[in-house]
Amino acid sequence: MGRKKAFNTAVLALALGVLGACGSGFGSPATERPDYYSNPNVQSNIETNPNNTIWSMLNQRDTETKVLVNRYLWSASLEVLNFLPVQSVDPFTGVIVTGYGTPPGGGRAYRATVLIDDPALDARSLNLALQSRGGPVTRATTRAVEDAILSRARELRIADNNL
């Protein structure tokens, strides 16, 4: 026990030494911070600058926003997962969130979250998370649903090109 206590004391002394070195006692002297609170003419402090509030950040309008969602993957996802009740849909970010639903001919309830994050009709553009009431489903089940969505998206694209 004597060695363990000596080791703990040495580690504590080293930690206190490192913490003490963080202060202004070593190295160059600490520079004084300008007092923004006493000078009302200085607008660079986050508390006094009206452009650095939470409301100004939330109200910024970005007119250059582009939708980067593949429309075939989007439509195919909604068609393949049509047995699930849709809770929220955001075509600008490519997110579809569904509630629990039972597939036709199945006895197990699932819910899904789909993220389409690229305009390309590619498997990398589609991110799917499936969950049952008992927790996450197997990777094979998720892969089967992803394949069904990708196949339907290709069918929609081929049908669109034939017009």
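This is a predicted model: local features need pLDDT of at least 70, side-chain atom pairs count only at pLDDT 80 or more; totals for chains, interfaces and linings use all residues.

Reader: What makes R71 and D160 a salt bridge?

Author: Their side chains meet at 2.4 Å, N to O. The cut-off is a Lys or Arg nitrogen within 4 Å of a carboxyl oxygen of Asp or Glu, so the pair qualifies. The two residues come from distant parts of the chain: R71 belongs to helix 3 (residues 71-80) and D160 to helix 4, 89 residues apart.

Reader: And how do you know which accessibility class R71 falls in?

Author: R71 has 52% relative accessibility. Exposed means over 50%, so R71 counts as exposed.

Reader: What about R124 and D122: what makes them a salt bridge?

Author: The N to O distance between their side chains is 2.6 Å, and the limit is 4 Å. R124 is exposed because its relative accessible area is 69%, whereas D122, with 25%, is partly exposed.

Reader: Where do R152 and E155 lie, and why are they called partly exposed?

Author: Both lie in helix 4, three residues apart, which is about one turn of the helix. R152 has 28% relative accessibility, so R152 counts as partly exposed. E155 has a relative accessible area of 44%, so E155 gets that label too. Salt bridges with shared partners join E79, R152 and E155 into one network. Within it, the side chains of R152 and E155 meet at 3.0 Å, N to O.

Reader: How many salt bridges does the structure hold?

Author: Five.

Reader: Now the sheet. How do you know that strand 4 pairs with strand 5?

Author: Pairing needs at least two bridges, and two bridges join strand 4 (residues 126-132) to strand 5, so they pair, running antiparallel. In one of these contacts between strands, S132 has G135 of strand 5 as its bridge partner.

Reader: And what is the order of the strands in the open sheet?

Author: The five strands follow the order 1-2-3-4-5, with antiparallel pairing. Strand 1 (86-90) and strand 5 (135-136) are the edge strands, each pairing on one side only.

Methods. Residues are numbered from 1 along each chain as its sequence is written. Side-chain values use heavy atoms; hydrogens and water are left out. Helices (H or I, at least four residues) and strands (E, at least two) are DSSP runs, numbered from the N terminus. Buried means under 20% relative accessible area, exposed over 50%, partly exposed in between (1.4 Å probe, protein chains only).
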